[in-house]
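Here are my notes for your first read. Keep the model open beside you as you go through the points.

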Amino acid sequence: MQDPLSRIAALKRPQLLVDAARFGVELYDRSTALPRLIGPAARGPAQAAMALLEREGDIEARRRAGAAEYRPARHVEIMVALMGEARLLRRGGVS
């Protein structure tokens, strides 16, 4: 099993999606984003990133399938959170 940073780095997503998430990552606030995206349980960055990767995989599958329930804004939110958690992991902790 890969570590979260390796899995995040291996993601291949449309450039527009990645660019949109990059704009949002500066304002990422894990205390408000994580409960909305993955639930209220307190999590470290590695555990949060793994949960976000699972959610992102589900959303990506909907995008690729052209599913009516695909929400680009939600996908961007998940990507912002992934980028934010990756930053925390690289720094070695939670701010």
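1. Of the 95 residues in the protein, 38% are buried. Buried means under 20% relative accessible area, exposed means over 50%, and partly exposed lies in between (1.4 Å probe, protein chains only).

2. A word on the source. This is a predicted model: local features need pLDDT of at least 70, side-chain atom pairs count only at pLDDT 80 or more, and totals for chains, interfaces and linings use all residues. Residues are numbered from 1 along each chain as its sequence is written, and side-chain values use heavy atoms, with hydrogens and water left out.

3. The protein has five helices and zero strands. Helices (H or I, at least four residues) and strands (E, at least two) are DSSP runs, numbered from the N terminus. The C-alpha atoms fill a box of roughly 35 × 25 × 25 Å along the principal axes.

4. Contact means heavy atoms within 4.5 Å. Take the contacts with a separation of 6 or more: 70% of them join residues 24 or more positions apart.

5. Now look at Arg30. Arg30 sits in helix α3, residues 30-38. Is Arg30 buried or exposed? Arg30 counts as buried because its relative accessibility is 16%.

6. What does the side chain of Arg30 touch? It makes a polar contact with the side chain of Glu85, at 2.8 Å. A polar atom of the Arg30 side chain also lies 3.3 Å from the backbone oxygen of Arg43. A polar contact is a pair of N or O atoms within 3.5 Å; within protein, one must be able to donate a hydrogen and the other to accept it, and residues adjacent in sequence count only if both atoms are side-chain atoms.
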